[in-house]
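Please look over the sequence and the model below before reading on. The paragraphs that follow go through the chain interfaces, then a helix pair, and then some details of the backbone.

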Amino acid sequence: MKDKLPPISQLGPFIALIIACAVFGLTTDNFFSSANFSLILQQVMVVGIIGIGQTLIILTAGIDLSCGMVMALGSIVMTKIAQDFGLPAPIAILLGIGVTTLFGLINGLLVTRIKLPPFIVTLGTFNIAFAITQLYSGAQTVTTVPDAMTWLGSTFSLGGTRIAYGTVLMVLLYLVTWFWLRDTASGRHVYAVGNNPEATRLIGIPTDRVLIGVYATAGVFYGIASLLAVARTGVGDPNAGQTENLDAITAVVLGGTSLFGGRGLVLGTLAGTIVVGVLRNGLTLMGVSSVYQVLITGILVIVAVTVDQLSRKGAR
Amino acid sequence: MKDKLPPISQLGPFIALIIACAVFGLTTDNFFSSANFSLILQQVMVVGIIGIGQTLIILTAGIDLSCGMVMALGSIVMTKIAQDFGLPAPIAILLGIGVTTLFGLINGLLVTRIKLPPFIVTLGTFNIAFAITQLYSGAQTVTTVPDAMTWLGSTFSLGGTRIAYGTVLMVLLYLVTWFWLRDTASGRHVYAVGNNPEATRLIGIPTDRVLIGVYATAGVFYGIASLLAVARTGVGDPNAGQTENLDAITAVVLGGTSLFGGRGLVLGTLAGTIVVGVLRNGLTLMGVSSVYQVLITGILVIVAVTVDQLSRKGAR
Amino acid sequence: AEPVIGLITKTDTNPFFVKMKEGAEAEAKKLGAKLLSGAGKIDGDNASQVALIENFVAAGAKTILITPADSKAIIPAIKKAQAAGVQVIALDSPTDPASAVDALFATNNYKAGELIGQYAKAALGGKKPVIATLDLFPGHPVGAQRHNGFLQGYGLKSLPATSNELAKPAEVVCMADSYGDRAKGQTGMENCLQKNPGINLVYTINEPAAAGAYNALKAAGKEKDVVIVSVDGGCDGVKDVAAGKIAATSQQYPLQMAAMGVAAGVEFAKTGKKVKSGYTDTGVTLIAAKPVAGVTSADTKVGLDKCWGNK
Amino acid sequence: MSTSNTKLVMQAKGLVKRYGQVTALDGADFELRAGEIMAVIGDNGAGKSSLIKALSGATIPDEGEILLDGKPVQFRTPIEARRAGIECCYQDLAVAPAMTIAENLFLGREMRREGFLGNTLRMLDKKKMLQVAIERMADLKVGIRSMTQAVETLSGGQRQCVAVARAAAFAQHVVILDEPTAALGVKEGNMVLELIRRVRDRGLPVILISHNMPHVFEIADRIHVARLGKRAAVLNPKKISMSDTVAVMTGAMSADQIPADCLA
Amino acid sequence: MSTSNTKLVMQAKGLVKRYGQVTALDGADFELRAGEIMAVIGDNGAGKSSLIKALSGATIPDEGEILLDGKPVQFRTPIEARRAGIECCYQDLAVAPAMTIAENLFLGREMRREGFLGNTLRMLDKKKMLQVAIERMADLKVGIRSMTQAVETLSGGQRQCVAVARAAAFAQHVVILDEPTAALGVKEGNMVLELIRRVRDRGLPVILISHNMPHVFEIADRIHVARLGKRAAVLNPKKISMSDTVAVMTGAMSADQIPADCLA
Ligand SMILES: Nc1ncnc2c1ncn2[C@@H]1O[C@H](COP(=O)(O)OP(=O)(O)OP(=O)(O)O)[C@@H](O)[C@H]1O
Ligand SMILES: Nc1ncnc2c1ncn2[C@@H]1O[C@H](COP(=O)(O)OP(=O)(O)OP(=O)(O)O)[C@@H](O)[C@H]1O
Ligand SMILES: [Mg+2]
Ligand SMILES: [Mg+2]
């Protein structure tokens, strides 16, 4: 059985990528280099991994505004525990991921048990996670970070290009999630729940358990993103995570996943994430000032989805 | 025909309001005064009017992220045109509202003609409006503002309480919109389009025209909000509008309108807006520090919807 | 080729940073350098600043000027850039530790706070202070430095410059976050007046917030009885001082910081000589329409002369 | 065949509609005469719904031509068809579930109040609409307690009655019903047949898609047999037997095996 | 009445279900014997769907008791009913429209690959599922070209076939079908009847809701008449006439007017 989902916007981000790369390649000297691409991948890895969790949630017709703040809380917890109690890094990391998973679980429980809209639930936990982060860290950046926590930020050489371990982890996680969603029963159930929750319940799938699982899994991904954020910046930053929710949702939508649930591909989110990273990098290299960058990003986002939409119309 | 929409969360914000008021009344001296309530209404009037537009769009199963930035652009346009060209205030105001309406129209055209998801369209126009605001204003506050533009911020006395004209305008606009949605054909079509767009199209309602109308009307409301923002602060502020989208969406959802469209009441949004304003005011009066304010707001948002949800379960 | 210099500001909406960028652009044009600029998405956005450093290095910048959003979190990225042979200069705010950058051209925010604190004490002339503070937002170091500096200058119980928390002595009856924004400052002041109508001294994080506070006071008919002090020294702010809306403000000099930074960058590109390391204070001047005894201040003419923004 | 000179109200020639690989309509022809009840029958997937969707502007055919009263028309939206007086009740029930029955009946053709309230404020006359709604539904003898109930609280058959009532009540030119009795009980089904007869007696031609052969033979003037996206035959129910009809429909009997006097 | 000693597979006593003002079930009783086809008929809104929803765990009745093989059960979700071997095909077709036909057939009972891929990686055996799907749909003789088509691209009747096939293929204990032939063509409708017979021949009892009297009389062993949320009567189709049945159903004839030998 070939996996023929109904057509979704997958072309959009790729077309945008190609156009953007062509323009940047022609107008700047340094854009087309493996080092620069490796850099872009490093810059997007935190949002990229948050985007996996966000994709899962959006596939179930939900949305998660708390993702970035929960990620920030996770990185504060893991660094501060290691710093204050001298716990070994792996334990501290697990505790951090535990906290983010707990937040995911709470989101999931509120969405399923009390049937609250995901938007409002995660808006609430967004605020709560932010406040806890500030209170627990005393609004201070945690600078004493064990080496084991920054290892993922370090690089290895592949054919002369330095590649960060975190980048590899991100790509791996995307592939695993892709396999899961595509080739396992529980993955297909995520689509089913998003596509027609009532039917899925009547068919006899424990929709609540699927949903709770999705939110908790997303929490795990946010925890991994916490670790990557620590690895990338070398500190636990209490002010991180404030804009990652919109960034991640943008990547998901740009990647062709429907906000109404049930349709989409997680690999599209990866493409969407990279598009945004390439834009930011290329425009900076071109010396475009940041206000114009915002303008161009705004226009390009619309153009990318438009081109995609029109191309699909033609194909029908 | 009595207007019996299926049950929606209307209790939520009111319960939250009552609880919050009770707590604030008991713990602070100055909360329960007509002056204080009049103040709160003034503080929420900008978000309140943006919320009307946002409600319309959410009723059609859309969402508008650009609302706040478009509002900021409107207030820059009206103040700067008046300042630079010395145009009379009414003309400058109309031009400002014209610009916000144009943005609404563009959103609507992209959503209907090219069938782009509202989230991505308005994310794009959010960025575009921001950039244009910054570029046109040179990131400078416009301080020379004609008196006619600030008139709505001034107050009149009613039984000893000073009430701002802008507050009255806000309440009037809510009532008009409520009447429109409830008692006219085009208002009911907004619900129908949000409830089942395909059916509404097949029945023979020009769904695209309804949608474009809704987005453009929302743009008009943003323009009125621009004027109120100018009236309230006395300047054209290019930094305004960055958080109003989440604020307005929160008010709409708190007011019981479904993000999936077709169900909700515009008066709920007014209640939702006031809840947020009361919280901010009361917590400040209580001397709660700002981090804890964020925490409490987060918890209260969830509690408000939970109580509402549970109370409706009981009623069934 | 012309030397490339990167400038990273905290945001691109705060007029302070917008002017800093314009100053840097003007200086770069004058000296024949190419300026790349970028900013965080919001104040406190460290991740974007890290990415910008990397992108500027990739774009061939030999000098990077940065106003760090997070004084500590940015350090690893700075170290990486320095390892690639790039000179990094902090503007406006120091890194922690300050030695992490090659040089710092900055203003002392704590000091700026102290000056208006001292002025306020004298202006109140022995009256018992009833203070409202309109701060930035939770967790921001500049917000804490100005706030704590102000209380220190007034001689109230305060916290040291290194603290990120806001001191709250008994004299401070109300604290509200303004996000440095006029409308939110106005809302905060309105609420504070409800809490304690007897407020006679208002500290604000910046001049837009001060303008908002003035609006609120005026609506309550109290603008004559309350002293507002602020920090920044933008032209609109100085005009408000001249108009008597704000009693005093601590003026800072973003244009100067930028110009010095760009000059150092060009110098490094041409000669390979790094700038003199350490802290160069670009200075703070207290601007007040009515000088008070015991506190040195400049009048608003001086302030307007050196202010940034639209004169 | 004496009626063949009757005026053709609607006519379609060589309609083609493709969905990706699937060809739903493969050169379908269609003819509707004034004042007749034309049944359309065929296997599942034969292209019946696709045909009437093309006739009512819900989809735009890839090829082919549609004539209304002999004049070529091109409906690009259901609105245009509706303006031409064509009302359609679709198989997957075009209703707004969260809205009330009365609102659904009047969606797109709301009544306004008299005078200032209606003309200037454009206020709806909800009372009057409610009253008319009750009358219309009473015609169908459906036991629905309250017209202000949301459609989503109705049983399957009740929902169908709402959709049928809407199409029948407001048509000016042609009524198209896609399996209107599918979910209906015996009583309600007969009521719909009765309603269809009354519509015809108003002088309007009706296109009726149905899988219910007894119903079709009870009411139809002619039977259009759809097969594999084409018109297989048009039969005369007075002459042909039910089993022969089914044979044509399933392809067991080809069109040229039918006695000429059974064709219509 | 010789069969009345047969084992009762399912039994419901005094079921009540209220929706706000509306009482959908008003003390309904129900009995299903081993190996029988039990038809449930009744007017629109008589509470048929509400009854079987209570039996299959889709809704929880407000009052009353359900027995399975004589033991009281309480299904709080459809999953629990399904675990007990009860499969239900609902009237408003529980399908996931964006997913393929094969996926819909196997939703919740997916097949895994053999060996490591299946056991450890829990990988689906899509090939095998596709193959089984093709077989099952071939049983129904529905002309669907590709099982990897999304369900939303199917015609109304084709969709119904998917839902019916799913229920029939996997039941272990009881099969419940809510108007399975409503949207089906003559051929496909007969196929479904054939399928129902085959299910019974496997030894499974079937509950069949239908408005199609000829179908009911062709296939049912007993007929449960639902009326106003109650059980009006249980009839024996071998003894009673179709018109009397309709009379009972519509309330024209009361239960005590029926000759005793027509009851079942
Ligand atoms: N939107 C669509 N996308 C893809 N295929 C479609 C679509 N609509 C219809 N089809 C296909 O076109 C063919 C004809 O469909 P149609 O709905 O016209 O059949 P029908 O005669 O009405 O059948 P039924 O009696 O089951 O309602 C079917 O094979 C169906 O799968
Ligand atoms: N979710 C619900 N909310 C409110 N009322 C409901 C709901 N579901 C069913 N009802 C009401 O309960 C009554 C019985 O409905 P039910 O669906 O059981 O009828 P039915 O016998 O299956 O009819 P049909 O033959 O039309 O399918 C109807 O009057 C219906 O309006
Ligand atoms: Mg059909
Ligand atoms: Mg039913």
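**Interfaces, helices and backbone**

The side chains of C:Glu54 and A:Arg232 meet in a salt bridge, with 2.8 Å from N to O, where a salt bridge is a side-chain nitrogen of Lys or Arg within 4 Å of a carboxyl oxygen of Asp or Glu. This is a predicted model, in which local features need pLDDT of at least 70 and side-chain atom pairs count only at pLDDT 80 or more, while totals for chains, interfaces and linings use all residues. Residues are numbered from 1 along each chain as its sequence is written, chains are lettered from A and ligands numbered from 1 in the order in which they are written, and side-chain values use heavy atoms, with hydrogens and water left out.

Across the interface of chain A and chain C, the rule finds two salt bridges and 10 residue pairs in polar contact, both residues being at pLDDT 80 or more. A polar contact is a pair of N or O atoms within 3.5 Å; within protein, one must be able to donate a hydrogen and the other to accept it, and residues adjacent in sequence count only if both atoms are side-chain atoms. On the side of chain A that touches chain C, at least two residues each come from α2 (34-59), α5, α10 (207-233), α11, α12 (266-285) and α13 of chain A, helices here being DSSP runs of H or I with at least four residues and strands runs of E with at least two, numbered from the N terminus. The residues of that side divide into eight nonpolar, 19 polar and five charged, where Ala, Val, Leu, Ile, Met, Phe, Trp, Tyr, Cys and Pro count as nonpolar, Asp, Glu, Lys and Arg as charged, and the others, Gly among them, as polar. The contact takes 32 residues from chain A and 32 residues from chain C, contact meaning heavy atoms within 4.5 Å. The area buried between these two chains is about 2600 Å², of which carbon and sulfur atoms give 48%; buried area is the accessible area (1.4 Å probe) that two parts lose on being put together, summed over both.

What does the interface of chain A and chain B bury? Chain A and chain B bury about 3500 Å² between them, with 86% of it on carbon and sulfur atoms. In chain A, the residues that lose the most area to chain B are A:Phe119, A:Ile120 and A:Ile302, together 16% of what that side buries. Across this interface the rule finds zero salt bridges and zero residue pairs in polar contact, both at pLDDT 80 or more. The side of chain A that touches chain B divides into 30 nonpolar, eight polar and three charged residues. Among the six pairs of chains that touch, the most contacts are between chains A and B.

Within chain C, the axes of helix α1 (residues 15-31) and helix α9 (residues 254-271) come within 8 Å and cross at roughly 35°, the axes being lines fitted to C-alpha atoms over the stretch in contact, with angles running from 0 to 180 degrees between N-to-C directions. The residues of this contact divide into 13 nonpolar, one polar and three charged.

Two details of the backbone remain. A cis peptide bond, with omega about 5°, joins C:Asp96 and C:Pro97, and C:Pro97 has its place in the loop between β4 (87-92) and β5 (103-106) of chain C. In chain B, phi of B:Ala139 is near 60°, a positive value in a residue other than glycine.
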